[in-house]
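Thanks for sending this one over. Here is my note, written to be read with the model open beside it.

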Amino acid sequence: MAMAMMIRNAAASRRAMTPISGDFGGGLRSMSSWWKSVEPAPKDPILGVTEAFLADPSPDKVNVGVGAYRDDNGKPVVLDCVREAERRLAGSTFMEYLPMGGSAKMVDLTLKLAYGDDSEFIKDKRIAAIQTLSGTGACRLFADFQKRFCPGSQIYIPVPTWSNHHNIWRDAEVPQKTYHYYHPETKGLDFSALMDDVKNAPDGSFFLLHACAHNPTGVDPTEEQWREISQLFKAKSHFAFFDMAYQGFASGDPARDAKSIRIFLEDGHHIGISQSYAKNMGLYGQRVGCLSVLCEDAKQAVSVKSQLQQLARPMYSNPPLHGAQLVSTILEDPELKSLWLKEVKVMADRIIGMRTTLRESLEKLGSPLSWEHVTKQIGMFCYSGLTPEQVDRLTSEYHIYMTRNGRISMAGVTTGNVGYLANAIHEVTKSS
């Protein structure tokens, strides 16, 4: 009896040590083969540029693919208003979770930037808004909201756009359409084709709009064109979702950069807005953003906000605290807010100045091409018109890094490298 018990125990031990196989899809699979079918993901077209730049040992290398502000020495910047906010928050012991909707104070202050300090919609509590994981998180939450409550809808996205926009709505399983935006020959807005696409879209369609400093082209509609777009949207009952990643960073004036939104509000649209403090406060790693949806009334706003929070709950539960505290500290204090407005204008003016210098440098070199678009475009990015092959030459021959669509981050252009950059561009384009 004892021997039989020992044999049974030994057999059980061997079974316990044997890798478990399961029947998945009709065949046996050991634990070692769970992820054999997983292939490496393609590199992100933007982040991959920085990886290649960092791996290049050349002392002459230049990175004009980075999507973050740099000073004239090519160094990252921490704003003085942020440093002072950090000083005031030093020693804070509050480490509790924020609510699912984030910091109510930060959200309220953020809404004023987009809708206006005296907005009737804020006073009437008609805006459903929550703190998000920067602008990316705001876009993704809205995409999921669209999918859940307008399941048969699709989103119209401009050509071109920030590459991650396509990823966001794709992963939210919202069908995508595109609309004309950029005109390659003029390197400006293809306004007539844009309006035709808006007109021909089914009534009640969703459109993604860049509020200012269109990424990647730097091409924005004029105020009059925005008014025409708004009127056509109204006639077609389209929904406008604005991605505003560069408020203040485009012109140096946050109110001016929100003009497109204000026009749509004046015309009676119910819109959605994604806002971010990555660029205009330099809070890239803090991931501070806001998603807002203008509703019919306060009761509807309560319902919409509750659903946005429910979407956030399984995704990340609640947003981070520290960045929201920094934004609130800056915006609620008149002195700090005034300092921020001065600093954001300094950043915008430096980029505008580099546009002028780059254009003048190319013209002085005798370039046969027109470079007017460099100064006509606005914001962090210049859509240069360089071909992928020309970009490849810039990288291989001159160690200059940018995305292959020819997008130049003007934040990476400095007085120290603008001459080198202009000469390299001239060399790869003079035979065009």
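The points below go from the whole chain to its cores, its aromatic pairs and a few backbone details.

1. **What we are looking at.** Please keep in mind that this is a predicted model. The chain has 432 residues, and 50% of them count as buried. Its secondary structure comes to 17 helices and 15 strands. Taken along the principal axes, the C-alpha atoms fill a box of roughly 100 × 60 × 55 Å.

2. **Contacts, surface and charge.** If we take the contacts between residues at least 6 apart in sequence, 75% of them join residues at least 24 apart. The accessible surface is about 20900 Å², and carbon and sulfur atoms account for 54% of it. On the charge side, you will find 47 positive and 48 negative side chains. The centres of these two sets lie 7 Å apart.

3. **The largest core.** Which residues touch the most other members of the largest nonpolar core? They are Tyr115, Phe242, Phe264, Tyr277, Trp340, Leu394 and Ile400, in a core of 93 residues. Helix 14, residues 334–364, supplies the largest share of this core, with eight residues. There is also a second, separate core of 27 residues, and Ile155, Ile157, Phe239 and Leu308 are among them.

4. After helix 11 comes glycine 268, with a positive phi near 85°.

5. **Leucine 141.** Look next at helix 6, residues 134–149, where leucine 141 lies. Its relative accessibility is 0%, so leucine 141 counts as buried. Not counting residues up to four places away in sequence, leucine 141 touches Ile130, Thr132, Leu291, Leu308, Leu311, Ala312, Met315 and Tyr316. One of these, Leu308, is also included in the second core. For a sense of scale, leucine 141 and aspartate 203 are 62 residues apart in sequence and 23 Å apart in space, C-alpha to C-alpha.

6. **Tyrosine 182 with tyrosine 383.** A search of the whole structure finds 21 aromatic pairs. In one of them, the ring centres of tyrosine 182 and tyrosine 383 are 4.8 Å apart and the planes meet at 90°, so the pair is edge-to-face. Tyrosine 182 belongs to strand 7 (residues 182–183) and tyrosine 383 to strand 13 (residues 381–383), so this pair ties together parts that are 201 residues apart in sequence. Are the two tyrosines buried or exposed? Both tyrosine 182 and tyrosine 383 are buried.

7. **Tyrosine 246 with phenylalanine 381.** Tyrosine 246 and phenylalanine 381 form another edge-to-face pair, 6.3 Å centre to centre and with 90° between the planes. Tyrosine 246 sits in the loop between strand 10 (239–244) and helix 10 (254–257), while phenylalanine 381 is in strand 13, so the pair ties together parts that are 135 residues apart in sequence. Tyrosine 246 and phenylalanine 381 are buried. Elsewhere, ring pairs link Phe142, Phe145, Phe149, Trp169, Phe206, Phe239 and Phe241 into a cluster.

8. **Cis peptide bonds.** Please check the bond from valine 159 to proline 160, which is cis with omega near 0°. Proline 160 is in the loop between strand 5 (155–159) and helix 7 (163–171). The bond from asparagine 215 to proline 216 is also cis, with omega near 20°. Proline 216 is in the loop between strand 9 (206–210) and helix 9 (223–236).

9. With a relative accessible area of 4%, alanine 213 is buried. Lysine 187, too, has a positive phi, near 55°, and is found in the loop between strand 7 and strand 8 (188–189). Its relative accessibility is 22%, so lysine 187 counts as partly exposed.

Methods
Residues numbered from 1 in each chain as written. Predicted model: local features only at pLDDT ≥ 70, side-chain atom pairs only at ≥ 80, totals over all residues. Heavy atoms only, no water. Core = buried A, V, L, I, M, F, W, Y, C linked by side-chain atoms within 4.5 Å. Buried < 20%, exposed > 50% of the residue type's maximum accessible area, 1.4 Å probe, protein only. Helix = DSSP H or I, 4+ residues; strand = E, 2+ residues; numbered from the N terminus. Contact = heavy atoms within 4.5 Å. Areas by Shrake-Rupley, 256 points an atom, 1.4 Å probe, with all protein chains shown as cover. Lys, Arg positive; Asp, Glu negative; His and termini not counted. Charge placed at Lys NZ, Arg CZ, Asp CG, Glu CD. Phe/Tyr/Trp six-rings, centres within 6.5 Å; stacked < 30°, edge-to-face > 60°.
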